[in-house]
Amino acid sequence: MTKSEPEVDEQKLLELIQQDPGLPRDNPTASYWQHIVHKLSNVKSASLPPTTDIAIIGSGITGASVAKTLLEQHGTYRITLFEARTICSGATGRNGGQLAINAAENYIKMKMAVGAEMAGKIIQFNIKTLEAMRDIAQRFAHAQDPELTDVVKLRAFKDEASFGAVCEGIKELERDHPSLKGVYTVLDAESCEKEHGVFGAVGGVLHAAGTVWPYHVVTNLLDALMSEYASRLAIETNTPVTKVDYKPSTDTQHSYILHSARGSTRATHVVYCTNGYTGHLLPNLRGILYPMKGTMTVQDWSANPRHQNRGSKASWAIHYLPYLDPETGDVADGLIYGMQDTGTGWYFFGGEKSPVEDLLSANDTTISATSVRFLQESLSSLFDLSGGKLDFGNKVVSSWSGIMGFSSDGLPLVGRLPLTLTNRDGTGEWFCGAFNGYGMPSAWLAGESLGLMIVGKSPRAYLPEAFLISEERLRERLSVEQSMLHLADP
């Protein structure tokens, strides 16, 4: 983070990333994605099943992917999907709706961490995952329209340092991986403004992307799975798992006990798709995996004469150097991202400018007012909507927050959890998460590979080995100290 006075208190940072994130809160802010409630929203059994083969905690993209894979790969497994609140009410149901990679701006740092070959494999995995997400959205579009739209994404850079870094990243990416040449098109400031209507950028890059209604994708899929595998899949919403025990002496087949206010269920395997909340059930991951709160808005600028609906053609990101506001102490994290609804023209924009204790939080019952205002101002500036005049009826239709999961080394974690993380002797606990703000290009296929691993098969060849949980990675790249370094250099 760029040095600015006052500096962020490192001790405060350390305390925040190591605190217990708690369970998902009972009264989260209302995500616009969920304003049309799905029929499965509050589905649950009359009573919890006493036993299950696989207990999956979390009903977002990752949990749905693991469940689908297990049901298809194993003909008899009974699966119970636990959700603390309503269905798909966590990060997936609260995100930005973006189908986009972050390869160029992240490539050099990723290459330094895992090498050029692995960095390239990660990018190819991200591209493949986005293709898979499109396929899932289209195949299960029977109930609610996922509003899948193919667009180009313009990443606009507000300063020469950020723009220079991404241009260097593209050069290095294309030099190391010739097959990725042409993924990006570099634009100058004039092209950003005249060809794309984006103002105030020193330059930008274009790449293929998409937008989607994420809640509809997952609820459509789970609805289909419930119909096809009614005898083997149970979904238990409003059932937060409060504790996991390991007691093989009382049931060798179902050695794990998942506790909740509704009772307990014994399971052979436990799969954590809990992302930013994971540290509550797995305390040894606190600080290695930590929550970060994101703010989203829906803004209606249709009364403004400068307004245009470009939603069928483009989505956007504004990149700038992260900074600490010396007057307020608010942290601006360096990225604003957005899309437009193709029908209404409403803008769905997200980003952060808030106190660090609000940013490093798992509490999505509150919204950062400074972030909402920042997003209004940024959107106005990006498309020159104000024109130096009074606001022409801008309205925040909706605003909400959501909790993401970040890891020490900036990469997802996928695989079997070792004793060092569970403090239990069993080998039936698994994790998939920590997508570092980019779940859409990673979560689906990561969950698929985890499902394969649980049934005793190898993960897909295209899953980056750098994502796998290993003792070596825990020693070398996953630590509280590494998390602090990651936060200091976002």
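Biologist: By class, which residues does the lining of the largest cavity have?
Modeller: First the ground rules: this is a predicted model, where local features need pLDDT of at least 70, side-chain atom pairs count only at pLDDT 80 or more, and totals for chains, interfaces and linings use all residues. Residues are numbered from 1 along each chain as its sequence is written, and side-chain values use heavy atoms, without hydrogens and water. Ala, Val, Leu, Ile, Met, Phe, Trp, Tyr, Cys and Pro count as nonpolar, Asp, Glu, Lys and Arg as charged, and the others, Gly among them, as polar. By class, the lining has 5 nonpolar, 4 polar and 2 charged residues.

Biologist: Which residues line the largest cavity?
Modeller: A cavity is a set of points on a 1 Å grid over the protein atoms alone, where a 1.4 Å probe fits but cannot get out. Lining residues have an atom within 4 Å of a point. The list is Trp 33, Glu 147, Thr 149, Thr 211, Val 212, Trp 213, Met 339, Gln 340, Asp 341, Thr 342 and Phe 348.

Biologist: What volume does the largest cavity have?
Modeller: Grid points are joined across faces, edges and corners, and the volume is the space filled by probe spheres set on the points. The count comes to 1 cavity of 30 Å³ or more. The volume of the largest is about 70 Å³.

Biologist: What pLDDT does the chain average?
Modeller: The score is the predictor's confidence in each residue, from 0 to 100. Here 97% of the residues score at least 70, and the chain average is 94.

Biologist: How many residues of helix 7 are buried?
Modeller: Helices (H or I, at least four residues) and strands (E, at least two) are DSSP runs, numbered from the N terminus. Buried means under 20% relative accessible area, with a 1.4 Å probe and protein chains only. The buried residues of helix 7 include Pro 214, Tyr 215 and Leu 225. Helix 7 is mostly covered, and the count is 12 of 15.

Biologist: What covers the buried residues of helix 7?
Modeller: Helix 7 runs over residues 214–228 and reaches 22 Å from its first C-alpha to its last, close to the 21 Å expected at 1.5 Å a residue. That expected span is 1.5 Å times one less than the number of residues. The cover includes helix 2, strand 2, helix 4, strand 7 and helix 12.

Biologist: What do the buried residues of helix 5 pack against?
Modeller: Helix 5 has 17 residues (160–176) and reaches 24 Å, close to the 24 Å expected. Among its buried residues are Phe 163, Ile 170 and Leu 173. They pack against helix 3, helix 4, strand 4, strand 5 and strand 6.

Biologist: Which residues does Thr 80 contact, leaving aside neighbours within four places in sequence?
Modeller: Thr 80 sits in strand 2. Thr 80 is buried, because its relative accessible area is 2%. The contacts are Pro 49, Thr 52, Ile 54, Ala 55, Ile 56, Ala 234 and Glu 236.

Biologist: What phi does Asn 275 have?
Modeller: Most residues other than glycine have a negative phi. Asn 275 lies in the loop between strand 10 and helix 8. At 15% relative accessibility Asn 275 counts as buried. Its phi is positive, although Asn 275 is not a glycine, at about 45 degrees.

Biologist: And what phi does Asn 436 have?
Modeller: Asn 436 is in the loop between strand 18 and helix 12. Asn 436 counts as buried, because its relative accessibility is 11%. Again this is not a glycine, and the positive phi is about 55 degrees.

Biologist: How far apart in space are Val 244 and Thr 265, C-alpha to C-alpha?
Modeller: Val 244 belongs to strand 8 and is buried, with a relative accessible area of 5%. Val 244 touches residues including Tyr 256, Val 270 and Arg 424. Val 244 and Thr 265 are 21 residues apart in sequence, and in space the C-alpha distance is 9.8 Å.

Biologist: Is Ser 483 buried or exposed?
Modeller: Ser 483 is part of helix 14. Ser 483 touches Ile 17, Gly 287, Ile 288, Tyr 290 and Ser 408, not counting residues up to four places away in sequence. Its relative accessibility is 0%, so Ser 483 counts as buried.

Conventions. Buried < 20%, exposed > 50% of the residue type's maximum accessible area, 1.4 Å probe, protein only. Contact = heavy atoms within 4.5 Å. 1 Å grid on protein atoms, 1.4 Å probe; cavity = no way out; pocket = protein on both sides within 12 Å on 5 of 7 lines; lining within 4 Å.
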